[in-house]
Structure formats: C-alpha cells, structure tokens
Amino acid sequence: MNKNKNKISPDELSEDRAVREIMEKMAAGDLKEIETAFDRAQTMKCCPIGSGISGICCKNCAMGPCRVREDRTGLCGATMGTIAARNLARHIAAGASAHSDHGRDLAHLLGLVAEGKAPGFKINDELKLLKLAKNLGISIDDRDTKEIAKETSKKALSLFGQQLGEIDLIKLAPKKRQEVWRKNNVVPRGIDREIVETMHRTHMGVDQDAEHILDHTIRTALSDGWGGSMVATEITDILFRTPQAVPAKTNLGMLDNDKVNLVIHGHEPTLSELIVELSNDEEIIEYAKSKGAQGINIVGICCTANEVLMRQGVSPIGNFLSQEIAMMTGAIELMVVDIQCIMQALGELSKRFHTKLITTSAKCKIPGATHMEFKDNNGIELAREIITMAIDNFKNRKEVFIPNITDDLVAGFSHEYIRYALGGKFRESFRPLNDAIIDGRIQGVVAIVGCNNARVPHDKYHNFLTRELIKRDYLVVLTGCAAISTAKCGLMKPEALKYAGEGLRSICEAVGIPPILHMGSCVDNSRILTVLSEVVSEGGLGEDISDLPVAGIAPEWMSEKALSIGTYFVASGVYTIFSGEPIPVESSQEVKGIITKKWEEKFGGKLEYVSDINEVLNKVIGHIQAKRKALKIDVKKERVLFDMEARRGMENV
Ligand code: SF4
Ligand code: MSK
C-alpha cells in the first residue's frame, strides 16, 4: 500500500473536477492502494542530474555514465555544454522521429488507398490532395485522382529517405524564412537523414561543438514541423476530411452508464476512424442491445481523441493525466491504444477492473494488454472484432462511478476553416485577422501546446495562461493535451467570450468563433506553421514569421515530441517558452546561451525555460508588445468604417 498517498490534496493535484472526484472516491474506498502517476510523482523524486538541474549525465559510451558539472568534464574530456547539447539533440531527434514515423504511415496508407488495397479507407478531401500534390511538385492536370494520390504517396514517402537537396514543403514558409534557413545551412535534406545524422553526431567522439550540434538539431526539428508532421496532417485531412467547426462535449461525464464505453487513446486516426464509423452500424448497435446495453459510446483520450474530435465531434474525456483516472471509473469496457503517450501502468491497472486493454500498432505492445494488430487491409474486420469484444465485456461491469461533469466545446479549427470563418465562403482570407492585429483589437496570437506533466498541477498552467491571455485580447490557439485541458474548463465554447477582452470579443462575435481555437493533435502543430505563413503573406505584419506578434508556450510539457515542436517553432522564428519542468539543459550556461541568445540572432526565435507561470505570461506579453512596436502598430488605431461608396472608391484605385 502506498503510505504517502494523498499527501497532496486532489485540489492541488488537478484543476479537473472530474479527476478530483475520482481521486477522492478512490482514496476513501477499497481501491485506496491503487497508484496513479499523481501518486508516483509524490513518491518518486525527479533525478536532478537527468533533469539537468544539478549537473548533466552522459551515458553515450561504456566509460561512463559520466556525471559532469561546469568544473568537471566526462572521462573523454566532454564538457558540460557538449553533453547537454548532445542530450538535447537526442531528445529532439526522438520527438521528431515519433511525429515523422506517424506521417510516414499515413503517406504509406494513402498509396494503398489509391491502389484499392486498404478496405474501409478512401480519399475524402480531393481538393486538399490536389494542393498537397502541387506543393510536392506533382503535375495534376488531366490526371485521375487515384494516379495523383499514388504519386503523392510516393513523393511524400521519398521525403523521408531523401539524401540531398531540400524537402519540398519548406517552400511553404515565407521567402525570407527560407533564406534564413539557407544562410544558416539548416534546411532539412531528408527527414530520416537528419534524425540518423543526429544519432551519429552525438555518438561518442563525433560532433563536440555545442553550437554545431544544436544547429543540426534545428535542422532535425525543421524536418519534423515542415516535414513529417506536415505530411501527417495533410494526409490525415485528405483521408478523413479537413476539419471544420464542430460542437462536442468533453470530460469523464461523457462516459455512459447505460452504454458500452469504448475509449480510443494514443495518436493515430486510422483504425479509430473506422471504429467510430462502425459504432453507428445498426447491426452492431442491435448486438449491443442484445447484451443489455443501450448502445455504444466511443470516447477518446489524448491525441487520438483530438483527431476524431476534430472531424467527427467524438468526445475527448480527458488528456494525458486522465488516462488512468478514466479507467478507475470502472465504466470502460475496452480501451484501444495505438502509439505514443500511453502509460505502461494501464496494463496492470486494467487487471483491477473489467476493462480490456488492446494494443493495435505493430510498433507498440504493453504487458497486460491484448495485441490485435492493425495491418492497413484488416481495418474493418479488426474494428468490428474490437467493438464486439467491448460489447461482450459489458456484462462484466462491476461498480461504476462516473463523475457527472461535462462541458461544451467547439473544435475543428484547421487553417482552412479559420480562413473560411474569417472571410466567408467567397472571400476566404486571413485579412480580417491581420487587420484586427494591426488595429489592436487582437494584440497577438499565442499558441499553447503540449502535454500534462505529473509534476505540475494537472491543467492548471494551460488554463491560467489561456484565461489571462484572452482577457488581454490575445487570441489563443491550442493543440494536443493543452486543448483538451481548456475545453474541460469551459474556455472552448462561445459562452467563454465573456472572459475575453473587448477587442478579441468583438472579432470573435463578428466571425462566430470562440476566443480560443482548437487546432488539433500534436502533429497538427504544423497547422500553426501554415497559419503563420499565410498571415505573413497576407501582408501588413512584416515579411517573416519572426516579425509577427506571436509566441508559443508549452506550459506542462513532458514528451520529447514537445521539445521537437518547441524547436521547430523557434527555428521558424517564434519565441517559445517551456514551463513546468525544465528543459534538461538547465545547468549548462553555454547551451542555455545558445538556445536563447544565439538562436535568436540566427533564427529570430528563442527557446527558454521559465519556471514561474506569471513570469511566462509577462514575458510572452512583453515579447508580443515589442514586436508590435517594431511593426509600429503599438498605438491603438481608430477603426475606420467604410460605407459602400468608400469601398467602391478603394476598388477603383
Ligand atoms: Fe563519459 Fe565521454 Fe563516454 Fe560520455 S562519451 S559517457 S562523457 S566518456
Ligand atoms: S498526447 S505528446 S501528452 S500533448 Fe499528443 Fe498530450 Fe503531449 Fe502526448
């Protein structure tokens, strides 16, 4: 039994009322001895060396591990700066590889769909396919859609193995940004190539110049943001449709007492889309009824949830730190997981309940889970098998406790939808956003992204920053677990406009959007890059992303993917702050200097860790105001309302 359990009260551990209710219920009942990440964070101290707070550790060869400080090198003479840079580079390579491998699988699936070898999947957004094909330099004139899809898949896959030159999608960045990358020799040549080269450079005895290592890290992260992640987002839209505003509900209260609850968790949209689709099948619903349930309820956790939320309005019942808690409701018949951010603890935990845990990716097995592999061509049968298994498990339900807590939200803000919402069907454009930023009704745009971290009060930083920023007229865009966090606390619905400043509120009311925009899953941070590029090309806010009054924050980050995202934001010219837990280079002044000052000189963005959340807010606001000043838009302009005659006059100029 965990003697330290509940040393910290649920109120301090999580901002999510539903999560707190489960914690309280479990602490008082028979399941007291069950441990979650919240408990383990209290009993296991964070290693000060691994986190970079008190020295740095290198274990890149068998003469180590070497624990170094500023005054002591590793056995081979490696300095703290070199080791910190190498470690950070490897983290970022791992993050980039996760996103990119996800993108690779989608590119592969697109090819199979084009060849008719992936039953259940189809091309859903032809226009987006044509756009991607063009961006990849593929001729689309007078060609059959399937042929274009086949070639697009082939070309997208070739970006991974490309050895020389530049990956095509970087051309979507503003011209000036591309020049910055070329000047600094960081344009990715190929996605896999940059990741492999990071591993080589950081092997014992290769690249030992911290700045040189970190420049390559920039190139690796760019191969994620403008490469692997972008491929993943684009092809997901092509196969499952580009998101549009969609209302939904969130939190654990969306588990259903009377229906079979099936949770999809992880990051891949593929099998999950089929599961959602099949759950509406009359025959399946009848089968569920024959087993005593009123129907089937599909809900999600983490970014698989975000994927199916964005396109189908499926309820996200929680984010990263909710996964164990959700299982503890006793209401989940089956949890199907694919890749990334799935806690191993679920395997053991599932044995305490009737929940069946199913792994489906060829890349991921978890002790305690049943493995049922998804193979592109078995999707429909597998989805049916999994749903049937969930239905058959309904009879095994025991005690159930579902917190009666839900909230409304609106998601689905792809960059295409934002452009449409701003300009209307016939005049789709980012112009109204640029104008609102220029006249000061919107002060700037802040991306709040990333995970939960059990060492940080659950959801608290995401929600605090979002509230404070919209209050001051900053538009907030969110992805990943940050987005689910703010949805759960009621900030992602039109009613939340009452918390927004007057300027932001006036724009959101006119356009009909909430004050914070859910832009999707982790890989969909690439959508934010596209928005930034389009805002630059719309004009009036400088010539490069680094001129824009924007910033990025990962307030509760935990995964290596977050480090890759943060780095490609910086490489794209965006000031990015990590909070909660430090970036694991804290004790190396040299590396801290490189990722802040040096990167700012070279790329116009910097990566900084700031522990105090109020300071994060102040720094982001200070940065955005400095950008406004540089653009000479820091003085509030009066809005000029044109009548029809004045408009006609303008059109004739
Ligand atoms: Fe130690 Fe150098 Fe080996 Fe790292 S590479 S473990 S610093 S000897
Ligand atoms: S799921 S990477 S915990 S955002 Fe994308 Fe959430 Fe972070 Fe995973």
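What distance separates the centres of domain 1 and domain 3, taken over C-alpha atoms? In this predicted model, the two centres lie 22 Å apart. The protein chain is assigned three domains, namely domain 1 (63-240), domain 2 (252-396) and domain 3 (408-630), with bounds that come from an automatic or database domain assignment. Local features need pLDDT of at least 70 and side-chain atom pairs count only at pLDDT 80 or more, whereas totals for chains, interfaces and linings use all residues. Residues are numbered from 1 along each chain as its sequence is written, chains are lettered from A and ligands numbered from 1 in the order in which they are written, and side-chain values use heavy atoms, with hydrogens and water left out.

We can begin with the interface of domain 1 and domain 3. Here 42 residues of domain 1 are in contact with 40 residues of domain 3, contact meaning heavy atoms within 4.5 Å. The size of an interface is often given as the accessible area lost when the parts come together. For this pair the buried area is about 3400 Å², with 62% of it on carbon and sulfur atoms; the value is the accessible area (1.4 Å probe) that the two parts lose on being put together, summed over both. On the side of domain 1, His 99, Arg 177 and Ile 218 lose the most area to domain 3, together 17% of what that side buries.

Seven salt bridges are found across this interface, each defined as a side-chain nitrogen of Lys or Arg within 4 Å of a carboxyl oxygen of Asp or Glu. The elements that give two or more residues to the side of domain 1 touching domain 3 are α4 (80-114), α5 (126-135), α7 (175-183) and α9 (210-240). Helices (H or I, at least four residues) and strands (E, at least two) are DSSP runs, numbered from the N terminus. The largest share of that side, 17 residues, comes from α9.

Turning to the ligands, 13 residues lie around ligand 2, of which His 267, Cys 341, Cys 451, Cys 481 and Cys 522 come nearest; a residue is near if one of its heavy atoms lies within 4 Å. Domain 2 and domain 3 each provide at least three residues of this shell, and α12 (302-312) and α19 (480-488) each supply at least two. The residues surrounding ligand 1 include Cys 58, Cys 61, Cys 66 and Cys 76, together with Gly 64.

Gly 64 also takes part in a backbone feature, as the peptide bond from Gly 64 to Pro 65 is cis, with omega near 0 degrees. Pro 65 is placed in the loop between β1 (56-58) and β2 (66-68).
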